[in-house]
Amino acid sequence: MKISQADGNVCTVSTTHKHKTVNSGESKIIYLEGTDCAIKSQASLSAYTSYRVGGAAEWYVAPRNLEALQASLEYAKEHELSVTTLGAGSNLLVSDRGIAGLVISTRHLRHSYFDPQTGQLTVAAGESIPSLAWEAAQLGWEGLEWAVGIPGTVGGAVVMNAGAHNSCIADMLVSAQLLLPDGTLTTLTPAEIGYSYRTSSLQGSDRIVTQATFQLQPGADPAQVLAATKQHKQHRLTTQPYNFPSCGSVFRNPKPYAAGWLIEQTGLKGYQIGGAQVAQLHANFIVNRGGAKASDIFCLIRHIQHQVQENWSILLEPEVKMLGEFQAAC
Ligand SMILES: Cc1cc2nc3c(=O)[nH]c(=O)nc-3n(C[C@H](O)[C@H](O)[C@H](O)COP(=O)(O)OP(=O)(O)OC[C@H]3O[C@@H](n4cnc5c(N)ncnc54)[C@H](O)[C@@H]3O)c2cc1C
Ligand SMILES: NC(=O)C1=CN([C@@H]2O[C@H](COP(=O)(O)OP(=O)(O)OC[C@H]3O[C@@H](n4cnc5c(N)ncnc54)[C@H](OP(=O)(O)O)[C@@H]3O)[C@@H](O)[C@H]2O)C=CC1
Ligand SMILES: C=C(O[C@H]1[C@H](O)[C@@H](CO)O[C@H](OP(=O)(O)OP(=O)(O)OC[C@H]2O[C@@H](n3ccc(=O)[nH]c3=O)[C@H](O)[C@@H]2O)[C@@H]1NC(C)=O)C(=O)O
């Protein structure tokens, strides 16, 4: 059995489950055989979400390749752990009580290939959307300029159908590769995934996005694509609050209205609960002004929903994904 080394810790080798357990103070690290995969217990998730709030994952792992991902899934099955998948955590509100079971982040799954013959970009789930947008621009490939301000991964963007400036992932997705709970892979087209505005059938499902292929348009002048990309980024920085932790838009727009407009008209700009505040620059952003708890953000979401419903008879639907348990009453 291949065993990774860990200095100064107590090690036990399990022969039945082919993994090594290291006790390190309060927490444990499980090394899966044949991978460089370390499953950690009680891993704080606040560092892994853009809101910078939330409790610990009972177990956490960020596999670096498909085999390690499959081994992690197998470990969860063997130990009857529920599985929660994260990307960059930029659209998540994790409960202060944390998340039970195994949290798998796909953010370390990395590879990308720009195929000049087809104009297709094939990328692993953990690649950063803004990095890809800049890379495509530098190559003179059009199609991702709109995505530059979205600080998530490919996996999260495919699941969320991330979008901006009248474009979205579904418009350019050729196919997505998914790991199924039984450990096998499948490839789906956008039609099979079923997309609409900020929605897909992958939300709330137990399938893990491992890779995606996008259709772009190569052959443009890199200077022009870079200029368009910079313009989108600049527009973001002037209309959205990038200076405090957030999850982007909290609510989907209840078309034909914009959630930000409804919230501003309700008089809620600047309204604060604990460290969570309705942003002054954009009312559909809740920002962590420092020291916010997940429960502050959750209660502010409920307050906004209540006030907007009272004033406009419209129930705002959260775009942000809430993970773990939240108190029903605030
Ligand atoms: C400052 C800021 C600006 C933003 N602007 C935009 C914007 O303009 N447009 C927009 O659409 N969004 C925006 N967002 C929200 C967010 O960046 C997007 O929703 C993004 O696509 C989420 O990607 P992620 O990797 O962070 O996913 P996460 O937040 O980690 O996860 C989102 C959902 O996807 C699931 N998931 C993640 N990875 C996988 C995977 N590999 N397989 C299966 N399920 C997975 C999670 O379980 C969760 O349900 C913004 C966020 C911030 C902080
Ligand atoms: N409010 C919030 O909660 C959060 C806000 N953000 C914001 O979201 C935005 C996206 O963040 P992030 O995911 O870090 O992506 P960035 O766009 O900042 O950077 C992503 C990659 O693109 C490269 N890059 C950046 N600018 C250029 C350029 N002009 N030309 C070529 N390459 C470039 C960077 O390279 P290099 O490393 O060399 O700069 C980096 O590798 C940022 O404005 C960030 O501040 C991010 C997370 C949370
Ligand atoms: C940030 C996200 O996506 C963003 C995306 O970046 C931008 C740019 O394309 O367009 C959407 O924002 P948005 O609809 O709020 O766009 P904006 O142009 O800022 O605002 C729409 C309208 O609302 C008004 N508005 C906005 C904010 C505010 O505080 N007050 C207000 O009146 C604006 O004046 C405008 O008339 C996406 N949000 C949703 C929920 O669809 C995200 O999903 O996380």
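1. The domain bounds used in this note come from an automatic or database domain assignment. On that basis the protein, a predicted model, is divided into domain 1 (10–105), domain 2 (112–238) and domain 3 (242–321). Taken over C-alpha atoms, the centres of domain 2 and domain 3 are separated by 27 Å.

2. Ligand 1 is surrounded by 32 residues, and the closest are Gly 87, Gly 152, Gly 155, Gly 156 and Gly 248. Two or more residues of this shell are given by each of strand E6 (83–86), helix H3 (154–160), strand E11 (163–164) and strand E17 (208–215). Helix H3 gives the most, with five residues. By class, the shell around ligand 1 comprises 15 nonpolar, 16 polar and one charged residues.

3. The shell around ligand 2 consists of Ser 50, Ser 90, Ser 128, Pro 130, Ser 131, Trp 134, Gly 149, Pro 151, Tyr 242, Pro 245 and Ser 246. Five of these residues are nonpolar, six are polar and none is charged. Domain 2 (112–238) and domain 3 (242–321) each supply at least three residues to the shell around ligand 2.

4. The buried residues of H8 are Ala 294, Asp 296, Ile 297, Phe 298, Leu 300, Ile 301, Ile 304 and Val 308. As for their packing partners, the buried residues of H8 pack against strand E7 (92–94), helix H7 (259–265), strand E18 (272–273), strand E19 (276–278) and strand E20 (286–288).

5. Ile 263 is found in helix H7, one of the elements against which the buried residues of H8 pack. Why is Ile 263 classed as buried? The cut-off for a buried residue is 20 or more other C-beta atoms within 10 Å of its own; Ile 263 is buried because 28 other C-beta atoms lie within 10 Å.

6. Leaving aside residues up to four places away in sequence, Ile 263 touches Leu 268, Val 278, Ala 283, Asn 284, Ile 304 and Val 308. Ile 304 and Val 308 are among the buried residues of H8. By contrast, Ile 263 and Ala 71, which are 192 residues apart along the chain, have C-alpha atoms separated by 45 Å.

Notes:
Residues numbered from 1 in each chain as written. Chains lettered and ligands numbered in written order. Predicted model: local features only at pLDDT ≥ 70, side-chain atom pairs only at ≥ 80, totals over all residues. Near = placed C-beta within 6 Å. Nonpolar A, V, L, I, M, F, W, Y, C, P; charged D, E, K, R; others polar. Helix = DSSP H or I, 4+ residues; strand = E, 2+ residues; numbered from the N terminus. Buried ≥ 20, exposed ≤ 12 C-beta atoms within 10 Å, placed from the backbone. Contact = placed C-beta atoms within 7 Å.
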